[in-house]
Amino acid sequence: MKRYFDIRNKVFNLLLSFLGSLSFCVLLIRNYRILVSLLLFLPTFSFSQIDVLNNGLQISNSNDSVIIYGNVIHQGDGLIANAGSFYITGNWKNDNPLGNVFTIGSDGWVHLDGGTQTIGGNTITHFNNLELAGSGGVKQLNYVDTEVEDTLALNDRELAAGDKTVFVLSADAGVVTQSSGFVSSTNDGGLSRNTLSTNKYFFPVGSSFGGPYRPVDITPNSASANTFKVRMANVDASNENFYRNLKEGSLTEINPNFYHRISRTNGNSPADISIYFDNIVDGNFDKIAQWRNTPQWESIGTVEATTNYGLSGLKGLAFDNFSTTPFALTSEVISSVYVPNVFSPNGDGFNDILMVRGKAVAEIQFIVYDRWGEKVFETNDINTGWDGTYKGEPMNLAVFVYMLTGKYKNGKVIDEKGNFTLLR
């Protein structure tokens, strides 16, 4: 639409073409503002290449489908009574000074039906039902949280919350749906859900950088009112000051690819927490760790393997320590030591050094004696082995005795003895 269009003709054409049940609205056509009162009768109508600017009037949509090829901007104190559907290809902005723009009981839908779109403004919008649709692109929260009373339908779109939060207020476990879409976030952002049952609540969270989703399931252990919030942090936890090298001795490397922040922001029910991952892309894990106490990464305790959404998963049972939020995938080392029962120091490059093999060993003393009880080798370094010599001379074929003492990283004492054979 060009400025040189005759505004009177435009108003006339609008009144003829766009008949439906929208009561009052303000249309912003480029730089012209036209107040139009519409009483329409068709079940579906559309505005073409315009912005809808609500500057303080009442808008009523009684079970119709309204298609708006442009932005929807609320800058006055007007309200929308929506029992139908708004399909919007542009951005949604709420600057209503009184708060939410929808009247109480508006049970209709808003469909973000364009490419990359934003939900923004100075005021939180309380959608009743929100669907991410359109031909592609990321939907973004711009400077403000958002609330969804009932259904959040992500489909295959990413809802990029940034450091803001998407609040799903219904405690119905089935109101968050998707095919491959997810909520991404940074810093303290995330997806928040209310719970009021012992059903499984799905948190489709994913990368804030356009990557895959790594969802979480939370199953409260009681039907009391709780609120859980989840963010997938698609960064090395050390980059956010949860250092992976600070961990209890029973754990191996903390997952360097991502971690989750899971918090219970309301209520006191324990919950089963399932974290999902791709064991081909991400690696294999058998434990969930939480950042706490010292602080350091520590095992949350009992977990079991699970699968869902085409992914592997680990399920922490009856977890109740939500005092700190970071959770990461890890593996637990089974503390053990092993001394081979034979070695052959003949210079062929195979099995020439007798080594103590161990996992999660903090300190050792390894002593070898010949059959007469004379000490022929000693080390306190698990990486140092015996080459089969004594005082610079090779020992003959014989059976030798060893004593191995020390501690594992979990504090358990090592105290073993045995024998092995030297071959040439």
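This report covers backbone features and nonpolar cores of one predicted model.

Residues are numbered from 1 along each chain as its sequence is written. Local features need pLDDT of at least 70, side-chain atom pairs count only at pLDDT 80 or more, totals for chains, interfaces and linings use all residues, and side-chain values use heavy atoms, with hydrogens and water left out.

**Backbone**

The peptide bond from T294 to P295 is cis, with omega near 10 degrees. P295 sits in the loop between strand 29 (287–292) and strand 30 (296–299). Strands are DSSP runs of E, at least two residues, numbered from the N terminus.

Two residues other than glycine, Y143 and N155, have positive phi. Exposed means over 50% relative accessible area, buried under 20%, and partly exposed in between (1.4 Å probe, protein chains only).

**Cores**

A nonpolar core is a set of buried Ala, Val, Leu, Ile, Met, Phe, Trp, Tyr and Cys residues joined through side-chain atoms within 4.5 Å. The largest one has 52 residues. W92, L130 and I262 have the most contacts inside it. Strand 28 (residues 271–277) gives this core its largest share, four residues. A second, separate core holds 21 residues, including L354, V356, F400 and I414.

What does L130 touch, not counting residues up to four places away in sequence? Its contacts (heavy atoms within 4.5 Å) are W109, V110, L112, I119, V148, T151, L152 and A153.
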